[in-house]
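Dear colleague,

I am passing on the structure below, together with my notes on what was found in it. Please read the notes with the coordinates open.

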Amino acid sequence: MQDGHVLREAVELANKHEHIYATIGVHPTHIEEQETNNKEQGETFDEAYFDSLLSPKVVAIGECGLDYF
């Protein structure tokens, strides 16, 4: 996962502050890149890693991103 540290930082920030919450996810086109064996560009979905990020302050899990196709 290329930007896993960003997800962890978001959860840590949410855990430190009462009125901040986090969402975590992977952009679906990055998964498609991984499935086509272009792992240099793609992210991986590591279920154990996402499980390690769960806390009461994580309010959404899933794919994320804006597409301007």
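The largest nonpolar core has 10 residues, namely Leu7, Val11, Ala14, Ala22, Ile24, Val26, Tyr49, Phe50, Leu53 and Val58, where a nonpolar core is a set of buried Ala, Val, Leu, Ile, Met, Phe, Trp, Tyr and Cys residues joined through side-chain atoms within 4.5 Å. At least two residues of this core come from each of helix 1 (4-16), strand 1 (22-25) and helix 3. Here buried means under 20% relative accessible area, exposed means over 50%, and partly exposed is in between, with a 1.4 Å probe and protein chains only; helices (H or I, at least four residues) and strands (E, at least two) are DSSP runs numbered from the N terminus.

On conventions, this is a predicted model, in which local features need pLDDT of at least 70 and side-chain atom pairs count only at pLDDT 80 or more, while totals for chains, interfaces and linings use all residues. Residues are numbered from 1 along each chain as its sequence is written, and side-chain values use heavy atoms, with hydrogens and water left out.

As for the chain as a whole, its secondary structure comes to three helices and two strands, which follow the pattern α-β-α-α-β when read along the sequence. Of the 69 residues in the protein chain, 26% are buried. The accessible surface is about 5,200 Å², with 51% of it belonging to carbon and sulfur atoms; areas come from the Shrake-Rupley method with a 1.4 Å probe, and for residues only the protein chains shown count as cover. Among the contacts with a separation of 6 or more, 67% are accounted for by residues 24 or more positions apart, contact meaning heavy atoms within 4.5 Å.

Helix 1 has 13 residues and reaches 19 Å from its first C-alpha to its last, close to the 18 Å expected at 1.5 Å a residue, the expected span being 1.5 Å times one less than the number of residues. The buried residues of helix 1 are Gly4, Leu7, Val11 and Ala14. Because they cover an arc of only 90° around the axis, they are on the same side of helix 1, the arc being that of the directions from the helix axis to the C-beta atoms. These buried residues pack against strand 1, helix 3 and strand 2.

Valine 11, in helix 1, counts as buried because its relative accessibility is 6%. Leaving out residues up to four places away in sequence, valine 11 touches Ala22, Ile24, Leu53, Ser55 and Val58. Valine 11 and valine 58 are 47 residues apart in sequence, yet 6.8 Å apart in space, C-alpha to C-alpha.

Serine 55 is in the loop between helix 3 (47-53) and strand 2 (58-62), and, with residues up to four places away in sequence not counted, it touches Val11 and Asn15. The side chain of serine 55 also makes a polar contact with the side chain of asparagine 15, at 3.1 Å; a polar contact is a pair of N or O atoms within 3.5 Å, where within protein one must be able to donate a hydrogen and the other to accept it, and residues adjacent in sequence count only if both atoms are side-chain atoms.

In strand 2 lies alanine 60, which is partly exposed because its relative accessible area is 33%.

The loop between helix 1 and strand 1 holds glutamate 18, which counts as exposed because its relative accessibility is 61%. Histidine 19 has its place in the loop between helix 1 and strand 1, and is exposed, with a relative accessible area of 68%. The C-alpha atoms of glutamate 18 and lysine 57 are separated by 8.9 Å, and those of histidine 19 and lysine 57 by 9.3 Å.

With best regards
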